[in-house]
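Welcome to this guided tour. Please open the structure in your viewer, keep the selection tool handy, and follow along stop by stop.

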Amino acid sequence: LKGKSSSKMQYDEIMVRYGELSTKGRNQKNFIDRLGANVTKALHGFDQVKIHPQRDRMHIDLNGADSNQVMDRLKQVFGIQTFSPSLRVESDFEAVKQAAAKMIREQVKEPATFKISTRHADHGFPMGTFEMNRELGAYLLKEFPDLLTVDVHHPDIDLMVEIRKSGIYLTSEKIKGAGGLPVGTAGKGMMMLSGGIDSPVAAYLAMKRGVSLEMVHFYSPPYTSEQALAKSKELTSKLAKYCGSIKFIQVPFTEIQETVKEKIPEGYLMTVQRRLMLRLAAALAMKRHGLAIFNGESLGQVASQTMESMVAINDVTTWPVLRPVLSFDKTEIIKIAEEIDTYELSILPYEDCCTVFTPPSPKTKPNLKRARAYEARLDVEGLMQRALENIKITEIHAGDEFLNQNQDVFAELL
Ligand code: ATP
Ligand code: MG
């Protein structure tokens, strides 16, 4: 904003606006409770902070905590539309004047336009909205004659004054939150997470709509390396910052891939492999009370992502398979991957289980009946049972590290 310098000001409170939440009628209470719990989790470590989730807003009492650090965390919490760092003063006009002048002094370094917008929630306070706007505006104009002029339509600075029972709050900033719905309000989903670019973006978008995820990752040692597994875990850690922590379920896929390779004609390797993956993801969803399966498929991107392929693969389950990036172009997906800081990890060259066994020319239009017939050559039950018996579950927290960079250095030295 013109005339405004990035503030190093120490605030008393962050006021949080819910946006979409306020339209959710009967579910409103669930949403607000969940958001309160998610904000509490996101602010883990700031012990002095007190959170007051109310019907229309959430007030976060900083109690001396660093407002910039708290705001950085808030930017990652879905369900927050905007938030404003505020100063709190006693219900006294003199105090309001002093606080407003302090804000202008610290934030406005070159001539700017402004207006005052007052909201009145405490009707015990003697000054009305109009009076506050006028009196405070006049005071600031007198105090900063060379700096401020009034513009009520498009001001550089909108100084918002909120009169509440607990005091009067002043803010001049409205910061955009992450939007979406609080993670957990939509229920649980199983995310098929590879080490690629698309599935982490799909995971982010699912969480943004309130889904709490468990990651399902297929790995095929010794064909796939420890690094490939670590990469998927590290991607999970990047995504965990939106919800605190995520369960990562690794499913051994070696026996299935070897068997498929041996028994299925090359044109159908991919299709049958994918059917087994989806069968396993669906089995895990049922066992762990997931309501849907998510993947990173984008229509037409590769052979396994045509609608014909979806018919031949989706056949194995009636559980919903949701595809958050279905209609996105690769460039659009990459843009989001960069924004959420997964891109650099995703393009590391560690091969995952699909690339290892991908035939040179998989069918882009597999036939459903054939896919079923080929798959019937396998002991599907037995293969699945052995894979499921050997899953490993790790709880991954935001910031956990799995990729040992030193190992690369080592490899180069050797
Ligand atoms: P991504 O970038 O997400 O890997 P992709 O364009 O490379 O996607 P595919 O490799 O064909 O596409 O995979 C399609 C989807 O299948 C992935 O987005 C992911 O949801 C799922 N998938 C692929 N490989 C694995 C794996 N090893 N473990 C779990 N899910 C996987
Ligand atoms: Mg992939």
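Start by selecting Arg164, which lies in strand β7, residues 157-164. Helices (H or I, at least four residues) and strands (E, at least two) are DSSP runs, numbered from the N terminus. Before going on, note that this is a predicted model, in which local features need pLDDT of at least 70 and side-chain atom pairs count only at pLDDT 80 or more, while totals for chains, interfaces and linings use all residues. Residues are numbered from 1 along each chain as its sequence is written, chains are lettered from A and ligands numbered from 1 in the order in which they are written, and side-chain values use heavy atoms, leaving out hydrogens and water.

Is Arg164 buried or exposed? Its relative accessibility is 10%, so Arg164 counts as buried (buried means under 20% relative accessible area, exposed over 50%, partly exposed in between, with a 1.4 Å probe and protein chains only).

Now show what surrounds Arg164. Leaving aside residues up to four places away in sequence, Arg164 touches Glu13, His59, Ser91, Ala121, Asp122 and Tyr169 (contact means heavy atoms within 4.5 Å). With Tyr169 there is also a polar contact, side chain to side chain, at 3.3 Å. A polar contact is a pair of N or O atoms within 3.5 Å; within protein, one must be able to donate a hydrogen and the other to accept it, and residues adjacent in sequence count only if both atoms are side-chain atoms.

Next, move to the sheet. Select the strands β14-β13-β10-β11-β12-β15, given here in their order in an open sheet of 6 strands with mixed pairing (two strands pair if DSSP finds at least two bridges between them). β14 (321-322) and β15 (392-397) stand at the edges with a single partner strand each, so one side of each has no neighbour in the sheet. Strand β10 (residues 187-192) runs parallel to β13, joined by 3 bridges. Which residue of β13 is the bridge partner of Met190? The partner is Ile293.

Finish with some backbone details. Most residues other than glycine have a negative phi, and most peptide bonds are trans. Select His289, in the loop between α8 (266-287) and β13 (292-294); its phi is positive, about 60°, and His289 is exposed, at 66% relative accessible area. Last, find Pro221 and Pro222, joined by a cis peptide bond with omega about 0°.
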